[in-house]
There are 2 protein chains.
Amino acid sequence: MTEKKLKVDGDELRGLLDGRWAHVRERAREVLQGDLYAPVHGLTVDEHRARTLSQLKALAGTEMPAYGFPESVGGKNDIGASVVAFEMLVADLSLMVKMGVQWGLFGGAITALGTDRHHREYLPDAMSVELPGCFAMTETGHGSDVQNLRTTATYDPATEEFVVHTPDEAARKDYIGNAARDGRMAVVFAQLHAGGGEHGVHAVLVPIRDADGRPMPGVRIEDCGTKAGLNGVDNGRLWFDQVRVPRGNLLNRYGDVAPDGTYSSPIESPGRRFFTMLGTLIRGRVSVAGGAGSAAKAALAIAIRYSDTRRQFTRPSEDGPAQEVRILDYLAHQRKLLPALARTYALHFAQEELVSRLHDLSRAERPDERAQRELESRVAGLKAVATWHASETIQTCREACGGAGYMAENRIPQLRADSDIFTTFEGDNTVLLQQLTKSLLTDFRDSFGDLDQRGLVRFMAGKVFETVIERTAAIPLIERLVSAAPGRDGEDALYNRGWQLELLEDREKHVVEGLAARLRRAGKDGGDAFEAFNRAQDHVLKAGRVHVDRVVLEAFVAGIDRCGDKATAKLLNRLCDLYVLSLVEEDRAWFLEHERLSTSRAKAVTRAVDDLCRGLRPYAVQLADAFGLRDEWLAAPIALGAEHVRQGDPVPGA
Amino acid sequence: MTEKKLKVDGDELRGLLDGRWAHVRERAREVLQGDLYAPVHGLTVDEHRARTLSQLKALAGTEMPAYGFPESVGGKNDIGASVVAFEMLVADLSLMVKMGVQWGLFGGAITALGTDRHHREYLPDAMSVELPGCFAMTETGHGSDVQNLRTTATYDPATEEFVVHTPDEAARKDYIGNAARDGRMAVVFAQLHAGGGEHGVHAVLVPIRDADGRPMPGVRIEDCGTKAGLNGVDNGRLWFDQVRVPRGNLLNRYGDVAPDGTYSSPIESPGRRFFTMLGTLIRGRVSVAGGAGSAAKAALAIAIRYSDTRRQFTRPSEDGPAQEVRILDYLAHQRKLLPALARTYALHFAQEELVSRLHDLSRAERPDERAQRELESRVAGLKAVATWHASETIQTCREACGGAGYMAENRIPQLRADSDIFTTFEGDNTVLLQQLTKSLLTDFRDSFGDLDQRGLVRFMAGKVFETVIERTAAIPLIERLVSAAPGRDGEDALYNRGWQLELLEDREKHVVEGLAARLRRAGKDGGDAFEAFNRAQDHVLKAGRVHVDRVVLEAFVAGIDRCGDKATAKLLNRLCDLYVLSLVEEDRAWFLEHERLSTSRAKAVTRAVDDLCRGLRPYAVQLADAFGLRDEWLAAPIALGAEHVRQGDPVPGA
């Protein structure tokens, strides 16, 4: 990459990244301006909560709430738009999450699990924030294992009411957003008892505060207090002491109770019913993946702009005065920031694919169960990978900015602290990757958790397993690239997209099939199935991860294919090379162990990553700016000219 | 490891960990009790700063300040004790750092760079905190590259004063602890001009506030404001506008100015003088490594106790009721926490060695320049590795505790946020590792920075380089182990300590020699020396890291050798196996690429790490508790019984 500098078309690049919901992004850039939405720091918890609520109420006056709600209540039923709008709220992630709680979780649960009368009665007030609400699923004793939560909703035919009750401390609702301060009503997930039977987890609407903000009789509310971040969101705990609500408060789309207590559901199996209900709620998980991406983009934009101008140590010079070196000119600094930038691009395109898929399925005429499960699996995997990536990247950016990165005014601390929880809420990443792998093993026939470890090991025991790599984006293009791939030892193979695709496909196939064989052997042994699965747990996690890596690469390739400008596409192709080769470098032990790379080829990968970093360095600022985050959302003085002025360099955007 | 449970001697283990300064640790455990020192959260910045100052003043009434000061002013001149006392202040890292600023940096600079009259005049008030002080070294434009800072101290023979001046924005002092609120005086590092010559960086005492707390004339002070953490420490910025101080305010141990402006110094070379002065200040860096270790220990103690009791998901059972599984029984959870625990032990022993070495050198009759440089290099490397380890470990603990780990009351958020800056203050880790590698390449003959990149490349060009591995602890034992090591392919080699030691020594030798050869070639080419060094930067960082890995292993081996109880030593040996093999697993790509491990051996390493995790799991709580951090320092409800009570399990320590 010694050729002259590429003339990248900024508008083309921005347009490509803005993608299918470009209009939503543009609208967010218009709306989210001024003091009301500007990042602040140093607020007390009370001040921050009050500010976040007032921001949310202001947003309620725009078209934002309409995106995600049904047309019957004045919404636009544009699920994709609602997810993209969420991810644009990067100026304060507390507002992002508060909005997600109110419209996504609370409003979303009523939309998905309720029926028309619930929609008409509650959604308008949910949209206007007249009715702030909670999504009360997680319990102290059951966070990941929601199927076994313990709150009960027992039907009393005498009064035609449900009695909602917290039987023990493990069953208190915990970490519930909107609970500590603002919430008036909660969608409470509880084990439904009716007509003498147990029907599994269902959702019931329970008023938790009266119009004056006092807890309702039988409802106890506790504040979770200060958190590592997101202190604009009022998380709390809820206990219910025999709280009675009318029969109609059951969100009854997937299960209903007649006045006499007779239970009915369109889905017979309680397990399948539960996972179908959960499946309707995956928008939250998709949104978190997108929000994590935004936080990573903001941190990268700050760190890259700063290190493009910040200088440290002198470059010795034979002639002329010694010059201080811009820190992004150091290979070690490039290696910190540029592979992270490449992966952020890759994940951006994968997120766009995922949102599109979610959106299209939400509008499908006929539900396609396999497609839904495939979507849920991909959401699980991408959420895990995207949120870990965000945590790591923001941390890297913090360190890359040194002391400046530790100052609240430079935004990175808040981005870091706020997004930290993303790796464990809306599904713990470790649990999510395992769910993905289970789906891969059962070819998406099993919904998450229908099979426990024992069931899975038994299922595997009876099967001859062969992974069929299903391509997920730009299928004909990917097929063409793979079939034209040079052999394993081809000269320039490292930079050949077909070779790269094949390498990741082959890894996935091998890891998943190896795992299947391992579980099959364990199943045949007839030993302790839990123990067998537990011993393979790292293998299980790896299978999920390598699957996601491959899917993300396909999305990146498909994204570049949509690019209309040659030079821009060329730049993106280099970035894509850096994405793949830094992945391969990271996992080259596996490729060596499985003789997919020779030792000399593995060393060549490391050299290629160095070369790509050096070659992409001149484009780093432009690539980070193309995310289109407004300067006032970044807000960090070190990214907005403070360092540039000090150094006598041009101020970005000025 | 299927044998029956080892009977570990808790007192022996605690005593071994408490080590040479056990009495200091015990005394800290006595002193640091009660409300005054208990962790708190949710304070405003102002409240936190006030509390931290009052804590520091209370500490001043104990023997704590005496440890690090000379006997001439009532101190104990026990450098080791002062470092160990610092690391015990884990209940609030703001107090730890505030104490470090006051006694370590401010008091320490006067001690090390000043002469007897400075000691008598200022140290008693520094110790009692009557005179809160700053260590004003870092400037906005020069953080890592301190040699080129720009503040000037110009001698005026007419008035026998130094004129201290901030010539431009790059030269403002930044991130200075004690500056924003409490400091009355600062040790200001500035380029000394006297008698018409420039003499390099020296330290001058400059009063910055009067007795009423108002800035002195010509001194401008700005608050750095809210930070990611450590908000009990009042960091600020300082500007000097032609501020005059008497000639006697120069800390004149390494350079003095006569009344007529004549400069004199016991060290002729300005570079050597500068690095000698810096070298006297490395105690701060050693302390930070220890403080990072404490933060990691606290987070591990919390996460391990919690996950020992916390249950999630049901273990299928053929007979009897299904049981929920303790999360530390999952391999994935063990893999998160136990290798981190093993490395924390390893680093603890390495830190103990380092503190001992620092202490002994501080008391040596005759200065040993090579030993001093070797110490400085080891400090640089260990500080980098220990602080990165702490950041990663605390983050892992946060995620391992899920939502509970995000709640301020459970302490991990504060530990994470406070210790985050440790990776970039007291020397940026990336810069420190490079300094270490330069020392390895020059066999400690070069002090940091005497050679710039060009100088180093030229130096290497003329040399035939061979690394001689210098053992750093328990030398005869290590030699015996290595000489008895089985050949590379010996059956049980993985668990053989000699084989492990040899593996890490061999890696270090190969990496350092490969780097030397690479730089030698570049030097002979006569090309751009900066570019050549820059291209090798990742190689440079790796050389530093692998050196530290080996030194840490030696310290762990030496520590176990001091253990008087057989079962305890056996347990520690397993932990040491986990330390080494998880290191090897992490870097197995390198071992494969360089044909140090066969692919089947590499896979065996992964299996061994799994086995060791499973085998150590029953001892995890005991191992974490042996660090001897008081329950009230941990303070997290999830570690102190909340979860145990809920689960009906015994409460730790009750």
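Predicted model: local features only at pLDDT ≥ 70, side-chain atom pairs only at ≥ 80, totals over all residues.
View 1. Residues are numbered from 1 along each chain as its sequence is written, chains are lettered from A in the order in which they are written, and side-chain values use heavy atoms, without hydrogens or water. The buried area is about 7000 Å² (accessible area, 1.4 Å probe, that two parts lose on being put together, summed over both). Carbon and sulfur atoms give 49% of this area. B:Y406, B:F530 and B:E593 supply 11% of what chain B buries against chain A, more than any other three residues. In contact (heavy atoms within 4.5 Å) are 86 residues of chain B and 86 residues of chain A.

**View 2. A salt bridge between A:D420 and B:R398.** The two side chains meet at 3.3 Å, N to O. Across the interface of chain B and chain A, the rule finds 14 salt bridges (a side-chain nitrogen of Lys or Arg within 4 Å of a carboxyl oxygen of Asp or Glu).

**View 3. Helix 15 of chain A, residues 497–525.** Helices here are DSSP runs (H or I, at least four residues), numbered from the N terminus. Helix 15 has 29 residues and reaches 42 Å from its first C-alpha to its last. That is close to the 42 Å expected at 1.5 Å a residue (1.5 Å times one less than the number of residues). At its start, a side-chain oxygen of A:N496 comes to within 2.8 Å of the backbone nitrogen of A:G498. A:G526 follows the helix, with a positive phi near 70°.

Definitions and conventions
Helix = DSSP H or I, 4+ residues; strand = E, 2+ residues; numbered from the N terminus. Polar contact = N/O pair within 3.5 Å; in protein donor to acceptor, adjacent residues only side chain to side chain.
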